[in-house]
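Reader: I've got a new model open and I'd like to learn how to read it. Can you walk me through it, feature by feature?

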Amino acid sequence: MLLTDLTSRCGCRANSEPRTLGPAGGTHAVRHCRMDTDYLIVGAGAMGMAFADTILNETPEATLTIVDRQGRPGGHWNDAYPFVRLHQPSAFYGVNSRPLGNDVKDALGWNAGLYELASGAEVVAYYDHLMHRDFLPSGRVTYLPMTEYEPATGDLVSLTTGARSNVNATTLVDATYMNVIVPSQRPPGYDVAAGVRCTPLNDLPKLGQPADGYTVIGAGKTGADACLWLLRNGVDPDQIRWIMPRDSWYIDRKTIQPGDFFEGTAERFITQFKHIAESDSIADLFARLEADGILLRLSTDVEPTMYRCSTVTQNELVQLRRISDVVRLGRVQRIGINQIVLDDGVVPTSSDTAHIDCTADGLARRPPKQVFDGKRITLQTVRHCQQVFSAAFIAHCEAAYDTADEKNHFCGVVPHPDVATDWIRTAHGNSLNSAKWGADPALQAWLANSRLDGFSSTDTPSDELITLMMGALDHAEPALAKLEQYVAELDVAGK
């Protein structure tokens, strides 16, 4: 229910003055009240919505209050650049109960032949439909948009009226810990002189006139998206400069596909354990992964130092390699009218050059916290780079297991990667969790029926995949031992 219905759910203080409460559905004079709920979910972004969906479907009597600073659900998708698309198939995104997209393959473009990638507009509409067609009609959800949660007081504060209310929640769910920051949400982290054309990625389609060149600042997913957008819209690659503080390892998107690609995806996942087990050093492991196409890089003569789970297709990589002016002189310190000053050098620019800021940290690596801690649940990734699956999985553990120890046993945090060698740490974390999950038949059954789990299936595997899976048993223990060895080496080296 929306905030206008709150009076039926909370007990108002007898001695309190009537206040205007709530940004939604007009203003209503109600008393400052206290509402009871089973789950107070702070954040209506992708993880908060995935958690809420699983609780609603697996805990029939539970009541949920979802509070968010945005005016509609979807979190950072409300602020994302207009041409943004998922970097993974739509089949792996959203919530367990409602499909995203039409389960079709793209026929055109650089993702042709692979499963569809939902646009930002599609994702926002999906979450809006989910809230208003599924969650609210259930009668068990109270949705408080344009409202901020104050941890110190436990108060909910309307961002439109300033009115306060309080929620007595059995469990607080923090869906904001893995906070996503996009370029439009903050100014650049470097100085920009007056007269310089510098804009966040969001405004790239709004440029009022052609530039004499385009400088893309940032090497992550958004930087690659900016370059691809420019190339797709007819900009000559010689007119694009790409400032790349760190080169990145990429994942070939073809290797993480659902549907009739599933067995190939599973084979790739199994094969990487063979490479881990047979490698004799960290450098040898990365060489094996690249040789087998599991990891890709932009320039074969530059060793990547970053890994952020970004995906590309082979077609996209071909396009990105058309850009020859790649600047590897560290981060930008300031942009002047005639030059860009970086950590390790200076490059020329002009007042007619369009500088595209793509430097927001996006999904930053955060220190892991215990997921289940008393009355608090902190949503984090329990499978690397799979935020929505992780939130749904945590919700299932909340619904299916009795004690915090049981729940935390299955919910080992796998922090979002940043540096290249974090590939090893995430593989190690995934392996530990997978071993625990595999030992619980009920959990295996849930995974096999989870829409968001791209690594399980209820279909009978082919003879070829069964053979590969049986062979993988020979590599499982050696691979885990090798990962533990490499993690220990990285710890000693402080990496």
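Author: Let's start with charges: Lys274, Glu278, Asp284 and Arg288 are linked in a network of salt bridges. By salt bridge I mean a side-chain nitrogen of Lys or Arg within 4 Å of a carboxyl oxygen of Asp or Glu. Before we go on, a word on the source: this is a predicted model, where local features need pLDDT of at least 70 and side-chain atom pairs count only at pLDDT 80 or more, while totals for chains, interfaces and linings use all residues. Residues are numbered from 1 along each chain as its sequence is written, and side-chain values use heavy atoms, with hydrogens and water left out.

Reader: How many salt bridges does that rule give here?

Author: The count comes to 24.

Reader: Is the crossing left-handed or right-handed?

Author: Picture the near helix turned from the far one: anticlockwise by less than a right angle is left-handed, clockwise is right-handed. The α4 and α5 crossing is right-handed.

Reader: Which residues meet there?

Author: Contact means heavy atoms within 4.5 Å. On the α4 side you find Gln272, His275, Ile276 and Glu278, and they meet Asp284, Leu285, Arg288 and Leu289 of α5. By type, the contact has three nonpolar, two polar and three charged residues. In that scheme Ala, Val, Leu, Ile, Met, Phe, Trp, Tyr, Cys and Pro are nonpolar, Asp, Glu, Lys and Arg are charged, and the others, Gly among them, are polar.

Reader: What about a salt bridge elsewhere, say between Asp453 and Arg383?

Author: Their side chains meet at 2.7 Å, N to O. The pair links distant parts of the chain, 70 residues apart: Asp453 sits in the loop between α10 (441–448) and α11 (463–493), Arg383 in the loop between β25 (376–378) and α7 (387–400).

Reader: Is Asp453 buried or exposed?

Author: Go by relative accessible area: buried is under 20%, exposed over 50%, partly exposed in between (1.4 Å probe, protein chains only). Asp453, at 3%, counts as buried, and Arg383, at 9%, is buried as well. Across the chain, buried residues make up 54% of the 495 residues.

Reader: And what do Glu148 and Arg69 do?

Author: Their side chains form a salt bridge too, at 2.8 Å from N to O. Glu148 lies in strand β7 (residues 147–149) and Arg69 in the loop between β5 (64–67) and α2 (120–135), so the pair ties together parts 79 residues apart in sequence. Glu148 is partly exposed at 32%, and Arg69 is partly exposed at 49%.

How values were computed. Helices (H or I, at least four residues) and strands (E, at least two) are DSSP runs, numbered from the N terminus.
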